[in-house]
Amino acid sequence: MDKVKSDVTLEKVSLIIGDVLGVASRSVLYDDNIIDLCEDSIQLFELLVAFEEEFKVETAYEDVVAMKTVQDVVDYVDRHKD
Amino acid sequence: MLKIVTKKDISDKTLDKLLTLYELSRYDNCLCSKKEAFLLGRLAVKKVICQLLGNNYNFLDIEIRYEKKGRPYLRLFTEVNGLNLGKNRSSNVSFSIAHTRDRAVAVAEIISDGTLVGVDIEKIRSFSESTTRSFLTTREYEKYTLLSVADRGRYTTIMWCLKEAYMKATGEGLAIHPGKIEILFMRNECQRCIFLEVGKKVLAQGEWLEDKDEFVVTKVNVKFLVN
């Protein structure tokens, strides 16, 4: 069940990444490095803002910037949505 | 000192003349899409450091490494009286590198009073409304709303670049939320500003320039104040 929930979150995260960064959401993988996906720091910040808005999770900014991979984002969202 | 380089400054021979063995291994491990940016950044920073320290250094005498948290530091190859002393970490040079699209910029200064430097470069662009609201302070956003649509991209790009250069100078990067940094423009000095950060005692000044290709380059000097 947890894997199903994570996969649903991954799908949403992938759509956001695709929308903000202009990459195919289908190509986004759990172990993709967020910084490598971004062209520059503006894109990284736009991504972080988009994650906060979409998932409406109470995020400490330092937690958000500590996320390195897509897996980190999915885990964080799943933990804080409960 | 500040140096801007573009793709035109890179040739087939650049790798051999520019990168030490350590840097070459980092270059090889870069994603393909990031290799050019890596080279441009290295070229810019080595040019400016050579200029700063004098022409006794060449590119292979200078090595950029990274701390665990990702902050770059400088190692210089030193030789005294013909003796090779190996590479030693240089702590008296503050430097910063930035790149975007087909160009990179670097600054370097001798640290005399604890002042550190940061730099950024971006092409003037528009930002999404949510990003703008998030990275500008309330006062900065109010100023933004008074601008014409045509001027907003320029304003937000300058503000982002200044804050980015500030965050790099402090060594914090995006660990500081840019919305917690307030920029105050100096009335009688064109294209200069000071910074206020919530909870920090710093003396920080910034300046920027725009080139004919609509790139903004910002440079910030930061000094932490001790209680």
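Is A:Glu46 buried or exposed, and at what relative accessibility? A:Glu46 counts as buried because its relative accessibility is 13%, where buried means under 20% relative accessible area, exposed over 50% and partly exposed in between (1.4 Å probe, protein chains only).

Some ground rules before going on. This is a predicted model, where local features need pLDDT of at least 70 and side-chain atom pairs count only at pLDDT 80 or more, while totals for chains, interfaces and linings use all residues. Residues are numbered from 1 along each chain as its sequence is written, chains are lettered from A and ligands numbered from 1 in the order in which they are written, and side-chain values use heavy atoms, with hydrogens and water left out.

**Where the chains meet**

(A salt bridge is a side-chain nitrogen of Lys or Arg within 4 Å of a carboxyl oxygen of Asp or Glu.) The rule finds one salt bridge across the interface of chain B and chain A. On the contact count, 17 residues of chain B touch 14 residues of chain A, contact being heavy atoms within 4.5 Å.

About 1300 Å² is buried between the two chains, and carbon and sulfur atoms give 60% of that. Buried area here is the accessible area (1.4 Å probe) that two parts lose on being put together, summed over both. In chain B, the residues that lose the most area to chain A are B:Lys34, B:Arg125 and B:Leu174, together 35% of what that side buries. B:Arg125 counts as partly exposed because its relative accessibility is 22%.

**Salt bridges**

Over all chains, a search of the whole structure turns up 19 salt bridges. Here are three of them by pair:

| Pair | N to O distance |
|---|---|
| B:Arg125 and A:Glu46 | 3.3 Å |
| B:Glu23 and B:Arg42 | 3.2 Å |
| B:Glu63 and B:Arg65 | 2.7 Å |

B:Glu23 and B:Arg42 are both buried.

**Inside chain B**

The largest nonpolar core has 50 residues, and B:Tyr166 and B:Phe195 touch the most other members. Such a core is a set of buried Ala, Val, Leu, Ile, Met, Phe, Trp, Tyr and Cys residues joined through side-chain atoms within 4.5 Å. Leaving aside neighbours within four places in sequence, B:Tyr166 is in contact with residues including B:Ile176, B:Phe195, B:Glu197 and B:Val222.

And B:Ser94? This residue sits in strand β5 (residues 93-100) of chain B; strands (E, at least two residues) and helices (H or I, at least four) are DSSP runs, numbered from the N terminus. B:Ser94 counts as buried, at 5% relative accessibility. A polar atom of the B:Ser94 side chain lies 2.9 Å from the backbone nitrogen of B:Val117. Setting aside neighbours within four places in sequence, B:Ser94 is in contact with B:Val117 and others, among them B:Val107, B:Glu109 and B:Thr115.

Key. Polar contact = N/O pair within 3.5 Å; in protein donor to acceptor, adjacent residues only side chain to side chain.
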